[in-house]
Amino acid sequence: MTLLQAEHIKKAYEGHVALDDVSLTVPHASIVGLLGPNGAGKTSLIRIINQIILPDAGRVLFDGQPMERQHLEQMGYLPEERGLYKKMQVEEHLLYLARLKGLPAKEAKQRIRHWLERFELMKWRNKKVEELSKGMQQKVQFIATVLHRPRLVILDEPFSGFDPVNAEIVKDEILELNRQGTTIMLSTHRMESVEELCKHVVMLHASRKVLDGSTRKIRRRFKEHVFEVHMAADIEALPEGFSLLDKKTVEDGLWAYRIQGAEHLPPNDLLRFLIDKGQVIHFEEVLPSMKDIFIKLVS
Amino acid sequence: MLGKTGIVIHREFSTRVRTKAFWISTFLTPLLIVALMVLPPVLSMMYADSEGEALRVMVLDESNLLQGQIDTSKSLVFNIIEGDYKERVAQFKEYDKADVFVYLSVRPAEPAQPEVKIISKKALSLAEESSIVKAIQQRIEEIRLLEAGIREEVLAQSKVKLRAHTLVLSKEGEEKAANSGVLFGIGMFLSFVIYLSIFIYGAQVMRGVIEEKTNRIVEVIISTLRPIELMMGKVLGIGLVGLLQFALWIVLTIVLVQVATFLMPAEWTTAMQNNAQGGGAAMPEASQVAAGGMGAVFQTIMDLNIAQVVFGFLFYFLGGYFLYSSLFAAVGAAVDSESDAQQFTLPVTIPLILAFIMAQIVLNHPDGQLAFWLSMIPLTSPIIMVVRLPYGVPGWELITSMACMVVGFLLVTWLAARIYRIGILSYGKKPSYKDLWKWMIRG
């Protein structure tokens with residue numbers, strides 16, 4: 001089931017094209033990564049989905065209906081460049097943003113308490129935003145994004161600015177939201193950070209979509225038939241067609257190999273050969289990272 | 001119906017009203033107003049009362065025009081001397097019992113007309129100078145009248161103190177008091193309030209927009225409501241702050257004046273009343289005029305079309321504020337920082353400043369062509385129309401002007417919102433006027 005669909009989106013600013021016929025589909029309850037280098041058009045696409053700007057052509061469907069302003073209450077958006085009113089108190093700030101999203105004040109207050117406790121910010125609730133550390137402010141921004149229980153959460157570079165500990169906390173929260181059925185769209189130029197999070201990715205480059213599909217399938221599609229093997233045998237020769245890329249001694253009597261295969265050569269032939277030579281501890285087909293795939297596509 | 005704009009209004013209003021700065025300016029301003037009302041007359045009264053304050057004037061009357069005599073008053077003590085000019089001036093420098101040296105002579109070309117040279121140890125005020133000249137002139141005129149055979153009693157009787165009651169005949173045939181000084185004062189005061197409020201609260205709108213833009217909260221907010229809703233929420237919220245502050249100023253000023261008059265010694269109160277009449281406390285005649293004068297002021301105010309003035313003032317106060325603060329909001333959205341804003345605030349404020357300067361001319365011809373046209377242009381009508389209100393404005397003119405204001409407000413807000421919604425997401429490069437024009441046209 002599809003929650004969000006963008007069809008043939010075009011957007012041009014004076015002098016340059018930001019999006020050139022970009023379509024994408026976000027399945028219900030999925031985590032979709034929107035990848036691409038800076039300037040690829042990610043933020044423009046997100047702003048069009050959020051109705052902040054209008055596309056020159058194409059349309060966006062939410063839950064099968066053309067996107068209207070009323071759908072915005074079912075969406076949460078954490079922009080890349082984010083900020084808060086510095087002079088407002090944490091709790092009233094969250095209340096303000098929640099009420100703008102259509103949440104009644106009473107219910108909003110309960111949920112704010114819940115989230116503040118969850119992020120250990122309870123004792124800061126009556127402090128002004130400017131008194132909080134940057135990490136704490138980012139937590140407040142994250143709370144504001146999800147407080148109204150949106151069906152679709154759009155996160156633009158969600159981990160930028162977080163220290164590793166807080167990045168981990170936020171990642172866990174994203175996964176938890178997704179478990180509860182929230183659809184998440186996550187945009188980033190740091191492609192390695194989303195491989196474990198996103199089951200589905202869309203890659204933009206120079207205003208065009210260059211890739212769209214399940215993370216696993218894409219990585220398999222771009223595989224280069226390289227195998228990583230750890231075994232207790234010193235191998236010199238390989239079966240017909242296979243070649244040794246790299247060989248390292250891990251410890252006494254244990255070697256690590258990188259072996260290049262080819263499309264027509266079944267991996268089992270290699271494995272069978274190796275098993276006859278000694279104890280195989282680890283055998284893995286190395287799949288390219290999103291970053292490698294991107295570089296390959298672009299170059 | 002306000003919906004989300006209402007939530008924005010609430011935030012803009014409540015966050016501002018809770019600041020210390022709001023309450024400090026709310027309380028300090030009435031204090032300042034009362035101080036300005038009380039201090040000058042009281043100070044000048046004290047000044048007039050203090051010992052030896054009368055100016056001591058030496059008059060060297062070479063041509064004997066004064067015939068050795070001139071009336072001394074409370075503030076001027078004359079001493080007529082004879083001798084050589086150079087010698088006497090030299091003596092005056094050393095002599096500490098005279099403040100002013102006056103050399104009276106006849107003009108060589110017109111022997112009938114005298115002239116004076118006034119030398120003082122410190123610079124004289126305009127009032128002091130004119131009272132010396134007036135005293136001497138009066139004395140000479142008196143002598144000439146006496147010489148022409150007019151008896152002294154006749155001369156005394158012929159002196160006239162003219163008190164003017166200006167009335168305006170209304171269409172219904174009613175006579176209404178219209179002291180032009182008072183009308184002038186009311187018009188200037190009301191338009192000044194509008195002028196100041198637009199600057200103060202318009203700048204707050206601009207600063208608020210810049211704040212939202214620079215701390216980047218704006219992107220989250222406009223993914224929830226329309227840019228124009230956010231802009232109008234801010235404009236209305238700050239407008240309410242302005243109205244509240246304005247109402248508090250009026251109430252607090254009235255209370256403070258009551259308290260001050262209750263606590264003040266009686267002679268201070270009299271001095272203030274004299275001052276209000278515009279005569280200046282030092283003038284001895286002022287107190288005689290005061291009773292009738294204050295009455296006239298009061299009568300003029302009572303005879304004003306109060307409903308028209310109050311309603312008109314509120315309308316133009318709000319209309320002017322909304323119009324200009326939308327422009328200020330657009331400026332705020334177009335730039336990244338307050339220092340960049342200056343380039344654009346100047347053209348926005350020029351019509352307002354111009355209107356305020358023109359107001360002085362309009363006051364002299366409240367029914368002239370200039371007054372009429374400036375009252376129709378929405379950018380200048382908040383000042384010009386309010387200046388004219390106390391003089392009475394024909395109903396059709398007022399209605400046309402207000403209609404222009406409403407149309408102008410809608411048009412300007414619509415254009416400002418177009419700049420606003422693009423500007424608010426544009427960072428980095430400072431836009432040029434050309435860019436702003438494009439944003440406005442293409443939207």
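In chain A, β12(A) and strand β13 (residues 254-260) run antiparallel and are joined by seven bridges. The model is predicted: local features need pLDDT of at least 70, side-chain atom pairs count only at pLDDT 80 or more, and totals for chains, interfaces and linings use all residues. Residues are numbered from 1 along each chain as its sequence is written, while chains are lettered from A and ligands numbered from 1 in the order in which they are written. The predictor assigns the complex an ipTM of 0.82 and a pTM of 0.76.

**Sheet in chain A**

- Lys248(A) has Ala256(A), in β13(A), as its bridge partner.
- Strands β12 and β13 belong to an open sheet of four strands in chain A, ordered β12-β13-β11-β14 with antiparallel pairing; two strands pair if DSSP finds at least two bridges between them.
- The edges are formed by β12 (243-251) and β14 (280-286) of chain A, each of which pairs on one side only.
- Neighbouring strands of this sheet are turned by 15° against each other on average, direction ignored (axes are lines fitted to C-alpha atoms, for helices over the stretch in contact, and angles run from 0 to 180 degrees between N-to-C directions).
- Helices (H or I, at least four residues) and strands (E, at least two) are DSSP runs, numbered from the N terminus.

**Domains of chain A**

- Chain A is assigned domain 1 (2-220) and domain 2 (223-298), with bounds from an automatic or database domain assignment.
- The C-alpha centres of domain 1 and domain 2 of chain A lie 39 Å apart.
- Ten residues of domain 2 of chain A are in contact with twelve residues of domain 1 of chain A; contact requires C-beta atoms, placed from the backbone, to lie within 7 Å.
- On the domain 1 side, β9 (200-205), β10 (208-214) and α6 (215-221) of chain A each supply at least two residues.
- That side has seven nonpolar, one polar and four charged residues (Ala, Val, Leu, Ile, Met, Phe, Trp, Tyr, Cys and Pro count as nonpolar, Asp, Glu, Lys and Arg as charged, and the others, Gly among them, as polar).

**Contact between chains A and B**

- Chain A contributes 18 residues to the contact and chain B 15 residues.
- Helix α2 (residues 90-100) of chain A gives the most to the chain A side, with four residues.
- By class, the chain A side has ten nonpolar, two polar and six charged residues.

**Confidence in chain B**

- Chain B has a mean pLDDT of 82, with 86% of its residues at 70 or more; pLDDT is the predictor's confidence in each residue, from 0 to 100.
- Within chain B, confidence is highest in helix α1 (residues 4-17), at a mean of 93, and lowest in helix α10 (residues 286-303), at 54.
- Residues 278-292 of chain B have pLDDT below 50, and this stretch has 26 contacts in the model beyond near neighbours in sequence.

Technical notes. Contact = placed C-beta atoms within 7 Å.
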